[in-house]
Amino acid sequence: MGDTNLTAILYKQGDLRLEDAKVKEPGPGQVQLSMRDVGICGSDVHYWTHGAIGDFIVKAPMILGHEASAVVTKLGAGVTSLKVGDRVAIEPGVPCKCCKFCKKGRYNLCPDMSFCATPPIDGNLSRFYCHDADFCYKLPDHVSNEEGALLEPLSVGVHACTRAGVTLGSRVLICGAGPIGLVNIVTAKAKGAADVIITDIDASRLEFAKSLGADHTVLVTSRDPLDTANKVEAILGDKADITIECSGAPPSIRTAIFATAPGGCVVLVGLGPADVELPIVNAAVREVDIRGIFRYVNCYPTALAMIASGKVNVKPLVTHRFKLEQTLEAFELAKQGKGVKIMINCEK
Ligand code: NAD
Ligand code: ZN
């Protein structure tokens, strides 16, 4: 293997290869980056196993990876915000910066978003990669490369908790204890939530959630959404002020509505089937707001400040580590649902 720019390329469903790709030069406003740590996301695994997520279909070979940190190796024309040698976290979605959504500051809704490892846009699971400098965030010396990569999922937690209105004293239900449910626990606690309760169908995931700071856990054993909602209410002594749904499972979304107090808010983070039957009149007459979130917007600086100040500790999320050369092994492990966050180190 030539190995100047070893790169993880998904050719098509089930066909992930490590190949030596051309090293690109940074365009105007971009930096060239020597990649450090890249976390595997459920979406990377899904593109590999299914070749598509909804309308995003892998039609041409695509580089995987979007939860990443790196070191700046070259500056493109006009870049003054960074210098060679800076360690950075990479915000993977670069919007058009011109449309009405971008101008309003809601750039995550930009119709011209280029998001790493969302077809047809390449990701950054490689030795070298180029990205817009203004979507790279310099890491302080005491924040590690792995923490830099974890800013990506943590930003989802920051956006969800912000849209949900989590504040001092909130009683928060989180449904689903995967990596996204877990970043919501640490964010909700950091924002001052008084009680965080989390559900899952997997007892080991709940154990992990408890170790990260969840105050209570509920093992979901019934398909009846009211059963689970009643268990939550019994533990909290009341319904939750806020529910953050992070599983995408239809029964769990139904539980989210039943378990939320009148006047409360349900935030839909989990993305499951496109159409789901919901107790919508129950939500309407109790003024339970239902809000969606799409990734994050303006959240990287907040997520970085939370880590740098020690307000949250995301280090325990990393349960497995591999080298870039071991990418296929890492993806096999991720496919089996083992561990929480699997990190791939791209340094030679
Ligand atoms: P994951 O699959 O690791 O975690 C989902 C968890 O939900 C698992 O632990 C699973 O056991 C649990 N679960 C399944 N059925 C359940 C039920 N009935 N009740 C309670 N828990 C149940 O996935 P993840 O990486 O943590 O991501 C979670 C979800 O968030 C996914 O659907 C993903 O697509 C979505 N997501 C959305 C956004 C967004 O922008 N909206 C961003 C990132 C991820
Ligand atoms: Zn735009």
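This is a short tour of a predicted model, one selection at a time.

**Before you click**

Residues count from 1 along each chain as its sequence is written, while chains are lettered from A and ligands numbered from 1 in the order in which they are written. Because this is a prediction, local features need pLDDT of at least 70 and side-chain atom pairs count only at pLDDT 80 or more, whereas totals for chains, interfaces and linings use all residues.

Colour by pLDDT to start; that is the predictor's confidence in each residue, from 0 to 100. The chain averages 97, and 99% of the residues score at least 70. For the complex, the predictor reports an ipTM of 0.99 and a pTM of 0.98.

**Stop 1: the two domains**

Select 6-138 together with 314-345 for domain 1, then 157-292 for domain 2. These bounds come from an automatic or database domain assignment. Their C-alpha centres are 29 Å apart. Where they touch, 5 residues of domain 1 meet 6 residues of domain 2, a contact being two C-beta atoms, placed from the backbone, within 7 Å. On the domain 1 side, 4 of the touching residues are nonpolar, none is polar and 1 is charged. For those classes, Ala, Val, Leu, Ile, Met, Phe, Trp, Tyr, Cys and Pro count as nonpolar, Asp, Glu, Lys and Arg as charged, and the others, Gly among them, as polar.

Now try 14-344, which an unreviewed UniProt entry annotates as "domain: Enoyl reductase (ER)"; such annotations may be inferred rather than shown by experiment. Over that stretch the chain is 30% helix and 27% strand, with the end C-alpha atoms 19 Å apart. Helices (H or I, at least four residues) and strands (E, at least two) are DSSP runs, numbered from the N terminus.

**Stop 2**

Pick E1 (residues 6-12) and E2, an antiparallel pair joined by 6 bridges; strands pair if DSSP finds at least two bridges between them. Within E2, Asp20 is the bridge partner of Leu6, and Arg17 is that of Ile9. The two strands make a hairpin with 2 residues between them, and Gly14 in the turn has a positive phi of about 75°.

**Stop 3**

Most residues other than glycine have a negative phi, and most peptide bonds are trans. Go to the loop between E10 (114-115) and E11 (128-132), where Pro120 sits. A cis peptide bond links Pro119 to Pro120, with omega about 5°. Ala117 is in the loop between E10 and E11 too, and has a positive phi of about 60° despite not being a glycine.

**Stop 4: ligand 1**

Which residues come nearest to ligand 1? Of the 27 around it, they are Gly176, Gly178, Ile180, Ser247 and Gly248; "around" means a C-beta atom, placed from the backbone, within 6 Å. By class, the shell has 14 nonpolar, 9 polar and 4 charged residues. Show H4 (179-190), E14 (195-200) and H7 (250-258), each of which supplies at least two shell residues. H4 gives the most, with 3.
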